[in-house]
Amino acid sequence: MQLNREALTRAYRQMKLIREFEERLHEEIQTGEIAGFTHLYCGQEAVAVGVCEHLTDRDKIVSTHRGHGHCLAKGCDVEGMMKEIWGSQEGLCNGKGGSMHIADIDKGMLGANGIVGAGAPIAVGAALSNKIDGPDAEGKLAVAIAFSGDGACNQGTTFEAMNLAVVTKAPAIFVFENNHYSEHTGVDYAVGTTRDIASRAEAFGMKVWRADGTDFFAVYDTFRDVLEYVRTPGNGPAAVEFDTERFFGHFEGDPQRYRGEGELDRLRAERDCIKIFRAKVSGAALLDEADLDSLDADALSAIENAVTASRAAARPQPENVLDNVYISY
Amino acid sequence: MAKMMYRDAIRNTIFQEMQRDERVVVLGEDVVGGNGTAGGPEAIGGIWSTSVGLYDAFGPDRVIDTPISESAIMGAAGGLALAGKRPVAEIMFADFIGVCMDQLWNQIAKFRYMFGGKSICPAVIRMPCGAGYNAAAQHSQMISQFVTNMPGIKVLMPATPADACGLLRQAIRDDDPVVFLEHKFLYAMSGEVPDDPDFVIPFGHARLARAGQDATIVASGMMVSYAETAADDLAQDGIGCDVIDLRTTSPIDEEAILDSVEVTGRMVVVDEAPPRCSLATDISALVAQKAFASLKAPIEMVTPPHTPVPFARELESAYLPSPAKIAAAVRKSLEYR
């Protein structure tokens with residue numbers, strides 16, 4: 001644990017912002033105010049934040065259908081995101097994308113993605129671009145990260161992307177978030193190499209790491225090593241598997257009949273990355289409870305403001321359907 | 001002007017654009033060739049010889065030999081383009097679009113729209129396409145109907161070496177994603193190509209390949225030369241045809257088609273793709289909707305039958321449109337009273 005007070009504060013604020021964003025959406029969706037499909041990242045915050053806290057805007061990420069956490073962690077504007085999910089013209093994508101297609105190219109966020117497994121080839125393309133650009137003044141490459149779940153690890157696109165990255169020595173990082181459920185099916189059934197995705201990546205010729213994705217510090221420290229390796233020219237890609245938990249269903253409205261008795265309560269009690277973070281930092285006297293409570297309040301009010309702004313935000317007009325199909329046509 | 005083959009017009013244009021703009025990157029299967037072999041790199045230069053010499057000139061970072069992984073090629077092209085490069089990706093046979101459809105249709109085509117106009121994706125996807133080589137059902141298809149149907153994608157179908165050059169250069173410089181349908185049977189076609197290193201052909205402007213007052217023939221890709229042959233044959237009998245080479249099917253030059261049909265009153269549309277939900281039906285619908293009053297006869301469509309592409313020479317010939325079939329369709333239209 002080498003983080004200073006400022007870095008710890010930042011990390012906790014980010015995790016908590018994602019948590020409150022998702023918890024609030026869970027409530028708002030039930031009111032019927034939000035349209036479409038929404039997949040919540042709640043429970044996995046330590047992964048997105050533990051990874052993205054190391055990155056700069058030069059580094060690219062490609063996310064998934066469960067992308068809100070990655071977007072916020074990579075620096076997408078919270079109000080712009082909330083407005084997008086509300087379908088507003090003022091949203092980050094002018095209401096054209098919604099929950100599954102949030103992007104912010106300037107921040108290096110190349111898009112959440114509605115197709116499971118589609119992100120990895122795109123990330124390899126971005127990594128090849130970084131390789132062409134070459135190392136910075138300190139001799140380090142920018143990287144591109146494909147976030148994938150245990151569901152996407154079964155898609156051929158992911159395999160193709162891993163092999164292409166190895167063959168071309170692209171500075172790509174495959175971050176596998178194993179939340180034990182691909183939609184409504186368990187990892188023990190769907191992943192032939194039971195509960196071990198990293199070994200697949202290893203078989204493609206990559207250096208791999210594994211860590212507990214509910215422990216921010218395990219994620220953060222592990223990813224520092226992964227980055228150090230991939231930023232070094234000539235090394236090529238790497239993969240890391242984080243064992244994590246999904247607190248809500250596959251999508252909002254999922255009755256989750258596949259969950260075991262008391263499973264969700266147990267996960268919330270024992271595997272909550274935010275509780276684990278709080279216990280570690282207050283136990284080590286790095287941040288006290290009052291500091292953390294005040295950050296909690298900040299997160300809540302940021303979300304409250306974002307929701308209020310989204311309700312009042314301008315709606316798209318019917319003619320906007322024609323905008324931005326092409327640059328010129 | 002320099003006389004060159006269609007394939008060399010493609011290769012030279014890519015070479016010149018790579019020299020001009022260091023963001024231009026080539027990727028695909030065997031675009032270098034020989035990597036990992038005793039022979040070493042540059043053994044192939046693309047199976048269509050459309051990337052010969054690029055590797056030697058621009059090196060492995062910008063001329064990327066990929067494994068046989070079409071989804072990864074297509075997706076990487078999207079990622080490269082989102083990250084600021086100008087990839088020219090080759091899908092060795094257009095038929096392989098089935099392997100990588102998602103990365104084109106759900107990803108590259110839609111990024112800009114889904115992201116509210118906050119991204120550009122200047123990817124060029126070259127897809128050698130079409131029949132004529134007895135390559136059977138999985139290496140011969142015309143896929144214009146799939147890609148023309150995709151909002152967000154521009155679709156080019158060059159019919160001559162000059163158009164291959166001018167359209168490809170515009171595609172590489174264009175900020176929207178483009179599918180470049182180069183016809184395999186045209187690779188050896190020879191023609192004059194302008195020397196101007198900035199020669200481009202703007203999209204959505206058809207070319208009048210033959211002019212006549214009696215009927216309009218609309219064609220694209222290899223079908224253009226068939227239509228020209230048919231028109232020349234008909235001219236012997238005093239029948240004059242406009243032959244409209246679409247050049248690009250998305251955007252499409254509606255005005256050129258409608259203006260011609262308003263004069264001739266008769267249209268034959270030629271399409272190498274299967275007959276349902278195709279360019280042929282699309283253009284027929286356009287004319288029926290917007291030039292109905294000008295029509296003197298039913299629209300004729302010359303297309304393959306609703307079958308896969310067959311292998312045997314006799315069968316492939318029976319499958320494909322031909323100058324004779326096009327001429328017969330024109331005569332049929334003219335006989336209608």
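The structure is a predicted model, with an ipTM of 0.95 and a pTM of 0.96. For chain B, the average pLDDT is 97, and 100% of the residues score at least 70.

The contact between the chains was examined next. In total, 37 residues of chain A are in contact with 38 residues of chain B. On the side of chain A that touches chain B, the elements that give two or more residues are α5 (119-133) and α6 (156-168) of chain A. Of the elements, α5(A) gives the most to this side, with 10 residues. When the residues of chain A that touch chain B are divided by class, 21 are nonpolar, 11 are polar and 5 are charged.

Helix packing within the individual chains was then considered. Two packed helices are described by the angle between their axes and the distance between the axes. In chain A, helix α1 (residues 5-30) and helix α2 (residues 45-52) have axes that come within 9 Å and cross at roughly 140°. An angle over 145 degrees would count as roughly antiparallel; at roughly 140°, α1(A) is therefore oblique to α2(A). The crossing in which α1(A) passes α2(A) is right-handed. From α1(A), the residues A:A11, A:Q14, A:M15, A:I18 and A:R19 take part in the contact, and they meet A:E45, A:A46, A:A48 and A:V49 of α2(A). This contact of α1(A) with α2(A) comprises 6 nonpolar, 1 polar and 2 charged residues.

The second pair lies in chain B and consists of helix α9 (residues 254-264) and helix α10 (residues 279-290). The axes of these helices come within 10 Å, with a crossing angle of roughly 60°. Angles from 65 to 115 degrees count as roughly perpendicular and those under 35 degrees as roughly parallel; at roughly 60°, α9(B) is therefore oblique to α10(B). As α9(B) passes α10(B), the crossing is right-handed. The residues B:E254, B:I257, B:L258 and B:V261 of α9(B) meet B:I283, B:L286, B:V287 and B:K290 of α10(B). By class, the residues of the contact of α9(B) with α10(B) are 6 nonpolar and 2 charged, with no polar residues.

Terms used: Residues numbered from 1 in each chain as written. Chains lettered and ligands numbered in written order. Predicted model: local features only at pLDDT ≥ 70, side-chain atom pairs only at ≥ 80, totals over all residues. Contact = placed C-beta atoms within 7 Å. Helix = DSSP H or I, 4+ residues; strand = E, 2+ residues; numbered from the N terminus. Nonpolar A, V, L, I, M, F, W, Y, C, P; charged D, E, K, R; others polar. Axes fitted to C-alpha atoms, helices over the stretch in contact; angles between N-to-C directions. Left-handed = near helix turned anticlockwise from the far one by under 90°. pLDDT = per-residue confidence, 0-100.
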